[in-house]
Amino acid sequence: MGRKNLHAYSDADWREASRTARQIRANRWTVDAACDDVCNLVTEVNLDVVITMVGPDYSFWGATARCRRKGCPGRVTFYLNAHGAPVQIAMTAKARQ
């Protein structure tokens, strides 16, 4: 990423810097999957598995998945964890192509 002051990033900056699983891994950031509405389970996404299963160009932006807790009917929201950022970034908007 160009700037080091992550607190000054706009939504567009975050989307640009974390468009793909490959970029997130290259930045040494992590992604959490949180079942916000049903059971509140939060798990860290294994980026290596995602890259192997769906490819390095997979985008978490706007994506959703079922909750991993047995019996939970919820869907997860993906959150970007960037070292030095003031908060987790909810990856709810679609990435710009």
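Visitor: In which sense do β4 and strand β5 pair, and over how many bridges?
Guide: This is a predicted model. In the model, β4 pairs with strand β5 (residues 89-90) in the antiparallel sense, over two bridges.

Visitor: Which residue stands opposite Ala90 of β5?
Guide: Tyr79 stands opposite Ala90.

Visitor: How many bridges join strand β1 to β4?
Guide: Five bridges join them, and the two strands run antiparallel. Strand β1 covers residues 30-34. Ala33 has Phe78 in β4 opposite.

Visitor: And β3, how is that joined to β4?
Guide: By two bridges, with the strands running antiparallel. Arg66 has Arg75 in β4 as its bridge partner.

Visitor: Is β4 mostly covered or mostly open, then?
Guide: Mostly covered, with six of its seven residues buried.

Visitor: New topic. How much space lies in the largest pocket?
Guide: About 410 Å³. The elements that each give two or more residues to the lining of this pocket are β2 (42-44), α3 (47-54), β3 (65-66) and β4 (75-81).

Visitor: Which of them gives the most?
Guide: α3 does, with four residues in the lining.

Visitor: Which residues lie nearest the centre of that pocket?
Guide: Val45, Val50, Ala65, Arg68 and Phe78 do, out of 16 residues in the lining.

Visitor: How does the lining divide into nonpolar, polar and charged?
Guide: The lining of the largest pocket has 11 nonpolar residues, two polar ones and three charged ones.

Visitor: How many cavities of 30 Å³ or more are there?
Guide: The count comes to one. The largest cavity has a volume of about 30 Å³.

Visitor: What lines the largest cavity?
Guide: Ala33, Cys35, Leu41, Thr43, Cys67, Arg68 and Val76 line it. Five residues of this lining are nonpolar, one is polar and one is charged.

Visitor: Back to α3. Which of its residues are buried?
Guide: Leu47, Val50 and Ile51 are the buried residues of α3. Seen down the helix axis, the buried residues of α3 fall within an arc of 95 degrees, so they line one face of the helix.

Visitor: What is on the face turned away from the buried side of α3?
Guide: That face carries the exposed residues Thr52 and Met53.

Visitor: What covers the buried residues of α3?
Guide: The cover includes α2 (21-26) and β1.

Visitor: Why does Val50 count as buried?
Guide: Because its relative accessible area is 16%, and buried means under 20%.

Visitor: What is Val50 in contact with, leaving aside neighbours within four places in sequence?
Guide: Val50 is in contact with Ala21, Val45, Gly55, Tyr58 and Phe60. The C-alpha atoms of Val50 and Arg22 are separated by 9.7 Å, and these two residues are 28 residues apart along the chain.

Visitor: Last one. Where does Tyr9 lie?
Guide: Tyr9 lies in the segment before α1 (11-17).

Visitor: Is Tyr9 buried or exposed?
Guide: Tyr9 counts as buried, because its relative accessibility is 11%. Its C-alpha atom is separated by 8.9 Å from that of Ala85, and Tyr9 and Ala85 are 76 residues apart along the chain.

Key. Residues are numbered from 1 along each chain as its sequence is written. This is a predicted model: local features need pLDDT of at least 70, side-chain atom pairs count only at pLDDT 80 or more; totals for chains, interfaces and linings use all residues. Side-chain values use heavy atoms; hydrogens and water are left out. On a 1 Å grid over the protein atoms alone, a cavity is a set of points where a 1.4 Å probe fits but cannot get out, and a pocket is an open set with protein on both sides within 12 Å along at least five of seven lines; lining residues have an atom within 4 Å of a point. Grid points are joined across faces, edges and corners, and a volume is the space filled by probe spheres set on the points. Ala, Val, Leu, Ile, Met, Phe, Trp, Tyr, Cys and Pro count as nonpolar, Asp, Glu, Lys and Arg as charged, and the others, Gly among them, as polar. Buried means under 20% relative accessible area, exposed over 50%, partly exposed in between (1.4 Å probe, protein chains only). Two strands pair if DSSP finds at least two bridges between them. The arc is that of the directions from the helix axis to the C-beta atoms. Contact means heavy atoms within 4.5 Å.
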